[in-house]
Amino acid sequence: MQGNGPGAWRGRGGGRAEIASGALMMMRRPVETILSRALRRIALNRPDVFERLGPWREADVVVAPSDFPVCFRLRPDGSRGTVRVIRHDDPAPAAARISGPLATLLELFDGEGDADAAFFSRRIRIEGDTAAIVALHNTLEAAGLTFADILGVGPGLRGPVNQGLARLRDHLGSR
């Protein structure tokens, strides 16, 4: 297993890692726009999802894939929610940070993974206020969202999109 600490990815691969991280940071705006709009669309269509978060709606949570060159800062504040692409060594404070392999994190976000098993087997690591992560996990689990829901895909394409993204996630996990 690869290291999960802040900046763990940045240290592997030497110059290639820095180039990949820099390239993704230069292209972050469209990703941030798409993910933030998707988050706000869910808030519009499913306000109950965000009500479950209580005070954690306004908390920043960093999702840090250990095998990916950037992280994601999530503020699940309903219609004001944002997703930001950040570097692994971003110094801004956050309520909590969850790190682990990208495939494992994706499984947890789409409800396919067992969060308790991932935590106790040390495939994921939680730093900071675990209550924020538990609230986010419980909210996602109760909402039953799929990747197609998160991306705002219409009914006719939900199945193919979910299947394609599941295959991609499985491929990432098999590396």
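Strand 4 is covered on both faces: Ala 96, Ile 98 and Gly 100 on one side, and Arg 97 and Ser 99 on the other, are all buried. Buried here means under 20% relative accessible area, exposed means over 50%, and partly exposed lies in between (1.4 Å probe, protein chains only). Five of the five residues of strand 4 are buried, so the strand is largely enclosed by the rest of the structure.

This is a predicted model, in which local features need pLDDT of at least 70 and side-chain atom pairs count only at pLDDT 80 or more, while totals for chains, interfaces and linings use all residues. Residues are numbered from 1 along each chain as its sequence is written, and side-chain values use heavy atoms, with hydrogens and water left out.

**The sheet**

Five strands form an open sheet in the order 3-2-1-4-5, with mixed pairing. Strands (E, at least two residues) and helices (H or I, at least four) are DSSP runs, numbered from the N terminus. Two strands pair if DSSP finds at least two bridges between them. Strand 3 (82-86) and strand 5 (125-128) stand at the edges with a single partner strand each, so one side of each has no neighbour in the sheet.

Strand 4 (residues 96-100) runs antiparallel to strand 5 and is joined to it by four bridges. Within this pairing, Arg 97 has Glu 127 as its bridge partner, and Ala 96 stands opposite Gly 128. Strand 1 (residues 61-65) pairs with strand 4 in the parallel sense over five bridges; here Val 62 has Arg 97 as its bridge partner.

His 88 is found in the loop between strand 3 and strand 4. At 2% relative accessibility, His 88 counts as buried. A polar atom of the His 88 side chain lies 3.3 Å from the backbone oxygen of Pro 65.

**Aromatic pairs**

The structure holds two aromatic pairs. Rings of Phe, Tyr and Trp (its six-membered ring) pair if their centres lie within 6.5 Å; planes under 30 degrees apart count as stacked, over 60 as edge-to-face and the rest as tilted.

| Pair | Type | Centre to centre | Angle between planes |
|---|---|---|---|
| Phe 68 and Phe 72 | stacked | 6.4 Å | 20 degrees |
| Phe 119 and Phe 120 | edge-to-face | 5.1 Å | 75 degrees |

Phe 68 is partly exposed, at 26% relative accessibility. Phe 119 is also partly exposed, with a relative accessible area of 36%, whereas Phe 120 is exposed at 66%.

Terms used. A polar contact is a pair of N or O atoms within 3.5 Å; within protein, one must be able to donate a hydrogen and the other to accept it, and residues adjacent in sequence count only if both atoms are side-chain atoms.
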